[in-house]
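Please look through the sequence and the model below before reading on.

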Amino acid sequence: MTSYGLYEELHALIFEVAAQNDKIGPLEESLKWGQPSFTPKRKNTGSSVRLSKQDDGTVGMFFICTTKLVDRFKELYPSAFDYRGSRALMFVAGQDYDREALKHCIGMALTYKLKQ
């Protein structure tokens, strides 16, 4: 798989998570810092998730650092992902990742503003 194929796979996974969770609903896609960003269309539902192909061939999934979401992901899944600071999960084409854990993390971001 190429980084483009990985990007497309992660993009589809974000929409799959949204479609499987009635609390999230449809997503709005926009550009933030030149990167595709996905946010629930319903106001006050969740935080954005951004995707970006990097120059080194990896694909980053970025979260707003002030949410502390990535810190929570590290607590729940300490060795599941390649974490970059408090902002991102990094993926390499052809390397396996924990799909169910990633779906949970995406869901946490897209429902971040809801009272749990």
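Contact, as the word is used here, means heavy atoms within 4.5 Å. The model is a predicted one, in which local features need pLDDT of at least 70 and side-chain atom pairs count only at pLDDT 80 or more, while totals for chains, interfaces and linings use all residues. Residues are numbered from 1 along each chain as its sequence is written, and side-chain values use heavy atoms, with hydrogens and water left out. Helices (H or I, at least four residues) and strands (E, at least two) are DSSP runs that are numbered from the N terminus.

**The sheet**

- Six strands form an open sheet in the order β1-β2-β3-β4-β6-β5, with antiparallel pairing, where two strands are said to pair if DSSP finds at least two bridges between them.
- The edges of this sheet are β1 (27-32) and β5 (82-84), each of which pairs on one side only.
- From one strand to the next the twist averages 25 degrees.
- Strands of a sheet pair through backbone hydrogen bonds, either parallel or antiparallel.
- β5 and β6 pair in the antiparallel sense over three bridges, and Arg84 has Ala88 of β6 as its bridge partner.

- Strand β4 covers residues 58-63, and six of its six residues are buried, where buried means under 20% relative accessible area, exposed means over 50%, and partly exposed lies in between (1.4 Å probe, protein chains only).
- In a regular strand the side chains alternate between the two faces of the sheet.
- In β4, Thr58, Gly60 and Phe62 point one way while Val59, Met61 and Phe63 point the other way, and all of them are buried.
- Strand β3 (residues 49-53) runs antiparallel to β4 and is joined to it by five bridges, with Arg50 standing opposite Phe62 of β4.
- The hairpin of β3 and β4 has four residues between the strands, and in it Gly57 takes a positive phi near 90 degrees.
- Five bridges also join β4 to β6, again in the antiparallel sense, and the bridge partner of Met61 in β6 is Leu89.

- Ser52, which is found in strand β3, counts as buried because its relative accessibility is 10%.
- The side chain of Ser52 makes a polar contact of 3.1 Å with the side chain of Gln35, and another of 2.9 Å with the side chain of Gln54.
- A polar contact is a pair of N or O atoms within 3.5 Å; within protein, one must be able to donate a hydrogen and the other to accept it, and residues adjacent in sequence count only if both atoms are side-chain atoms.
- Not counting residues up to four places away in sequence, Ser52 touches Tyr7, Gln35, Thr58, Val59, Gly60 and Phe62.
- Thr58 of strand β4 is buried, as its relative accessible area is 8%, and its side chain is joined to that of Asp56 by a polar contact of 2.6 Å.
- Leaving aside neighbours within four places in sequence, Thr58 is in contact with Ser52, Lys53, Met90, Phe91 and Val92.

**Helices**

- Helix α1 (residues 3-20) lies across β1, β2, β3, β4 and β6 and runs at about 170 degrees to β3, where axes are lines fitted to C-alpha atoms, for helices over the stretch in contact, and angles run from 0 to 180 degrees between N-to-C directions.
- Helix α3 lies across β1, β2, β3, β4 and β6, running at about 35 degrees to β4.
- Helix α2 (residues 69-76) packs with helix α3 (residues 99-110) at an angle of about 150 degrees, and their axes are 11 Å apart.
- This contact is made by Leu69, Arg72, Phe73 and Leu76 of α2 together with His104, Cys105, Met108 and Ala109 of α3.

**Loop residues**

- Asp98 has its place in the loop between β6 (88-92) and α3, and Asp98 is partly exposed because its relative accessible area is 36%.
- A polar atom of the side chain of Asp98 lies 2.9 Å from the backbone nitrogen of Ala101.
- Asn44, in the loop between β2 (35-40) and β3, has a positive phi of about 55 degrees although it is not a glycine.
- Lys68, in the loop between β4 and α2, likewise is not a glycine and has a positive phi of about 65 degrees.
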